[in-house]
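Hi everyone, thanks for coming.

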Amino acid sequence: MTKHAVPRNPWVALAPGDDVSLRAGKVGFAHQMFVEYAEFVEVRSVVHDSWLRSRINGVDPDRLTGASPLVGLELERYRAAHPMALVRPVVRKLLVEDAVDTGLLIAISDAQGRLLWVEGDTAAKDRALDIHFAEGADWSEGSVGTNAPGTALALDHSVQIFGAEHFRRAVHEWSCSAAPVHDPNTGRTIGSIDMTGGPRVAIPEVLSLIRATVAAAESELRFHALGSAEPRGTSACRLELLGARPALVRDGERILLSRRHAELLLLLLEYPQGMSGEHIAVLLEENELDPVTVRAEIFRLRRILGTNSVASRPYRLHAGVASDVADVRAGLDRGDARAALESYTGPLLPFSDAPGIRRVREELRFRLQAALLRSGDASLLRRWTESVDGRDDSVAWAAYLSSLDRGSSLYAQVKAQTCLVDRDLGVIGRH
C-alpha cells in the first residue's frame with residue numbers, strides 16, 4: 001500500500017526527521033540564487049513571499065541598517081507605558097528563566113517590531129549585538145527583512161525562520177520562532193514574543209512553546225483588564241484621530257467620536273496649557289460659533305470622557321492623553337521616518353474644515369513628507385505615493401523615481417506614473 005506524504009506545515013522550519021545540515025545547505029543555496037541572480041529555488045512559501053517583500057521594501061541583504069533605535073530614558077519611558085510590560089513577568093517565568101546558559105534569547109517587541117526587552121543567555125546576547133538584535137532596535141520586516149518577530153507581525157501569525165531563510169546574510173547563523181500577541185478585548189496586535197538561538201529553535205516543539213506562552217500572556221492581559229478598579233473617566237485612554245473614523249480607546253473599548261468632539265479633543269491636545277471658549281470657537285469656525293455652543297459641546301464631551309476629564313477656565317485636559325498624532329510626531333522628532341509613517345494611518349480628521357484643524361493637518365503632513373524626502377528610502381517613498389496623501393504628491397513621486405535604478409522595470413513604471421501626476425497637476429518639463 002502506498003503511503004501518502006504528510007504535507008509540511010508552512011509555518012514550521014524544520015520537520016521531524018529533517019537533516020539539519022542538508023536543509024541548511026539547500027536554504028543557503030536558495031537564498032544566494034534569489035539575492036544574487038533573482039532566481040527562485042524552492043523554499044517555504046512564507047519565506048519566499050517574505051523575501052519578495054524584503055526586496056520590494058529595499059532591504060539590503062548585506063548591510064545591517066535600519067531605523068534609529070530607541071535608547072536611554074526614551075526607551076525606558078516607552079516600554080514602561082507599553083501594554084507588553086504587563087506580560088513580561090509571564091514571559092520571564094515561562095521562557096527566560098530556563099534560557100540562562102542555553103544560548104537562547106527571548107525577545108518581546110511592540111506591534112511595529114521594535115524590541116522592548118531582549119533577555120536570556122549572556123553570551124548570546126553579546127553576540128547578538130553584532131546583528132543589532134538589542135533592546136530598542138527595529139526588527140520589523142520592512143526594516144530588516146525576513147525574521148521571525150517581524151514576519152510574524154507582518155502576517156499576524158506564528159512563524160519560524162531557520163538560518164539562511166533570514167533575508168540578511170549576517171543573521172544566517174541564527175534561527176528564531178515568534179508569534180504575535182493580541183489585546184484579548186479588541187483583538188488588536190500589540191506585540192510579539194520571540195525565541196532566538198541556534199537551529200534547535202526551528203523545531204515544531206519550540207513554536208508550540210511560543211504559542212503557549214502567548215496564550216498565557218493574553219490571559220494575563222485579560223486578567224488585568226477585568227481587575228482594573230479605576231473609576232470611569234480616570235483610566236488611561238488613547239485618541240485615534242488619523243483617518244475617517246476618529247475614536248477614543250479606553251480599557252479595550254473603542255468609542256467612535258463625532259466630528260465636533262474629535263475636533264475639540266485635538267485642539268485640547270494641541271493647547272495643553274488651556275483655551276478659552278472664545279479661542280476654541282475661532283479655531284473651529286472663526287467668528288461664526290458662539291462660545292455658549294462650545295460650552296455645551298464640552299459638557300457632552302465630559303459625559304464620554306468622565307466628569308473630571310476636562311477642566312474649565314481655561315478648558316484643558318486634566319491628564320495626559322496618548323494619541324496617534326503624538327506617535328507620528330515622536331517618530332519625526334527622533335528622525336525615524338519609518339516609524340512615523342507606520343503610525344500615520346491617514347489624514348488627520350480629513351472631514352474637518354475647521355481652521356485650527358486644517359493647520360494641524362497640514363503641519364503634520366508637511367513634516368512627514370519632508371522626513372520621507374530626506375530619507376531617500378525607496379520603500380518609504382513607495383508607501384507614501386500609494387497613500388491618499390501621497391498619490392498626487394509630484395515632489396514625492398520625483399524623489400521615488402530618483403531612488404530607483406534606471407535599468408529596472410520598476411523605474412519605467414514609476415517614471416510613467418510621475419509623468420501622469422505632473423501632467424494632471426500642470427507641472428511642465430520635469431522629465
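Let's start with Arg55: its charged end sits over the ring of Phe34, 4.3 Å from the ring centre. By that I mean that NZ of Lys or CZ of Arg is within 6 Å of the ring centre and within 35 degrees of the ring normal. Before going on, a word on the ground rules: this is a predicted model, where local features need pLDDT of at least 70, side-chain atom pairs count only at pLDDT 80 or more, and totals for chains, interfaces and linings use all residues. Residues are numbered from 1 along each chain as its sequence is written, and side-chain values use heavy atoms, leaving out hydrogens and water.

Now, how many aromatic pairs are there? The count comes to 6, where rings of Phe, Tyr and Trp (its six-membered ring) pair if their centres lie within 6.5 Å, and planes under 30 degrees apart are stacked, over 60 edge-to-face and the rest tilted. Phe34 and Trp51 make a tilted pair, 5.4 Å centre to centre with 40 degrees between the planes. Phe34 belongs to helix H1 (residues 20-37) and Trp51 to helix H2 (residues 45-56), 17 residues apart; helices are DSSP runs of H or I with at least four residues, strands are runs of E with at least two, and both are numbered from the N terminus.

Another tilted pair is Tyr344 with Trp384, at 6.0 Å and 50 degrees. Tyr344 lies in the loop between helix H13 (337-343) and helix H14 (355-375), and Trp384 in helix H15 (residues 378-385), so this pair ties together parts that are 40 residues apart in sequence. Tyr344 and Trp384 are buried too.

On to the sheet. Four strands form an open sheet with mixed pairing, in the order S8-S7-S6-S11; strands pair if DSSP finds at least two bridges between them. Strand S8 (253-256) and strand S11 (322-323) are the edges, each pairing on one side only. Strand S6 (residues 237-240) runs parallel to S11, joined by 2 bridges, and Leu239 has Ser323 as its bridge partner in S11.

Finally, confidence: pLDDT, the predictor's confidence in each residue from 0 to 100, averages 87 for the protein, and 92% of the residues score at least 70.

Note on methods
Buried means under 20% relative accessible area, exposed over 50%, partly exposed in between (1.4 Å probe, protein chains only).
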